[in-house]
Amino acid sequence: MAYIGLDIGHGSNTFPPNKGVYRNGKGYAEYDFNRKLGKRVKELLEQNGHKVILGQPLNGKDVPLITRTNLYNREKVDLVLSLHANAGASNVSGRCAFYWGTSSKSKTLAQAVINEIKAKGYSTHGNGLHAGVRGTWTNLHINRETNMPAVLIEHGFMTNASDFQLIFGNKQNEYIEDMAQADVAGVVKWLGGKPVKPSKPSKPSKPAEPSTGSDGLYGARLVKKENAYFLATEDIKVRNAPSTSAKHTGTLPKGSSINYFKVYEGNGYRWLQYTGNSGNTLYVPYRESGSGKEQWGTFHSERPSGSGAKTYNLTVDGYLGPEVVKALQSHYGLIVDGEMWGQYSGNQATKAFNQKAVKYGKGGSPVVRELQKTIGVTADGIWGAGTTRALQRYLGTPVDGIVSRPSTAIKELQRRLNNGTF
């Protein structure tokens, strides 16, 4: 019998803002898939005689990664299996397993799981294996900070049309069963055993319907969920709840835009819920309640580009500091504060930046996310070597994935922002 740490990716409060996708106006949370898969994986591991401990409840808010890895290390589990679904460009698909690059046991465990996924007839992303390296997009906490073999499995891309149908569509039950059997068979064989014949899965739970009543936020009522953009046509006060009685946290300046996810009605106004630069949930009113009221902005299906290209007066010195971040935030129509939030402290790039422009933590930065969309790299909001390489390619400068001090790529970025050609 093995003692296995089963790690359900994310939590019930992680979408919105970002751990999930929108399709045809409806939101799909990654955690909803992860927990359903996790429930079945747990059942099958236990049927094979193994003991399971969960670092993330099957129905609960997100547990910090450090809390999870501390639990697995304290419990001295034999291995950790982390369950996820991926996101990226719409043309990218396939399943893959991440492991820490210096752990040979983790690599063989990852290979064992991928072999079983292939045996079920499913494609992989590349060869299906990704070795973790510090300072890169493969630098995953769950693999890096555990004292035992650990594998994080991405069960397809939510952002790909074909994979989406498997993960969230009418094939979900069959797909979850296939992935659960593959994951568990890989683990059991890696441990030297033979998988037992799976029992029938328990009846899948019906997805929760979105609430349309009061959610307790000063009595405001949820009107609808919607993934779209709002462009302010005048300065609007921002608050931490949909009420004029809530704390005033800042101002959405005229000409700035937000990507909002929910619409509320309360306290005499219609409100938009969105995620601030620091990852906090914010609310901005866009008109008074009642039909025919004047709106204080315009709505768009895509990020509005504004009227004409903006130009700036940046010093072309090759150093990325608050002024460059402010220019990028203005360029993308974001709230301008000159700070990149939610960055990983181990990345070479962010260490090379002016530290007044960087706030370390988790969740990524909206301005980095928009930049990543422009340069064609996975938009996770975290600036690492992959983002640096993509920016260098986009700008036509030498590509090495390193931000020098000064940096040729940052100089070119400053030039293009100055003349409105970025």
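Helix H1 (residues 30–47) lies across E1, E4, E5 and strand E8 (150–157), and runs at about 145 degrees to E5. The model is a predicted one.

- Six strands make up an open sheet with mixed pairing, in the order E4-E1-E5-E8-E6-E7.
- At the edges are strand E4 (51–54) and strand E7 (124–132), each of which pairs on one side only.
- On average, neighbouring strands of this sheet are turned by 20 degrees against each other, direction ignored.
- Strand E1 (residues 3–8) and strand E5 (residues 79–86) run parallel and are joined by five bridges.
- Gly5 has Val80 in E5 as its bridge partner.
- In general, the strands of a sheet pair through backbone hydrogen bonds, in either a parallel or an antiparallel manner.

**Helices across the strands**

- Helix H3 (residues 104–119) lies across E5, strand E6 (95–100), E7 and E8.
- The direction of H3 is at about 170 degrees to E6.

**Aromatic pairs**

- A pair of aromatic rings is described by the distance of the centres and the angle of the planes.
- Across the whole structure, a search finds 16 aromatic pairs.
- The pair of Tyr28 and Phe164 is edge-to-face, because the ring planes stand at 90 degrees, with the centres 4.9 Å apart.
- Tyr28 belongs to strand E3 (residues 26–29) and Phe164 to helix H5 (residues 161–167), so this pair ties together parts that are 136 residues apart in sequence.
- Tyr28 counts as buried because its relative accessibility is 19%, and the limit for buried is under 20%.
- Phe164 is also buried, with a relative accessible area of 4%.
- Phe164 and Phe168 form a tilted pair, because their planes are at 50 degrees, with ring centres 5.5 Å apart.
- Phe168 is buried, at a relative accessible area of 12%.
- Elsewhere, Phe230, Tyr260, Tyr286 and Phe299 are linked into a cluster by ring pairs.

**Charges over rings**

- Arg23 lies over the face of Phe164, at 4.3 Å from the ring centre.
- Lys51 places its charged end over the ring of Tyr3, 4.6 Å from the centre of that ring.

Key. Residues numbered from 1 in each chain as written. Predicted model: local features only at pLDDT ≥ 70, side-chain atom pairs only at ≥ 80, totals over all residues. Heavy atoms only, no water. Phe/Tyr/Trp six-rings, centres within 6.5 Å; stacked < 30°, edge-to-face > 60°. Helix = DSSP H or I, 4+ residues; strand = E, 2+ residues; numbered from the N terminus. Buried < 20%, exposed > 50% of the residue type's maximum accessible area, 1.4 Å probe, protein only. Lys NZ or Arg CZ within 6 Å of the ring centre and 35° of its normal. Pairing = 2+ DSSP bridges. Axes fitted to C-alpha atoms, helices over the stretch in contact; angles between N-to-C directions. Contact = heavy atoms within 4.5 Å.
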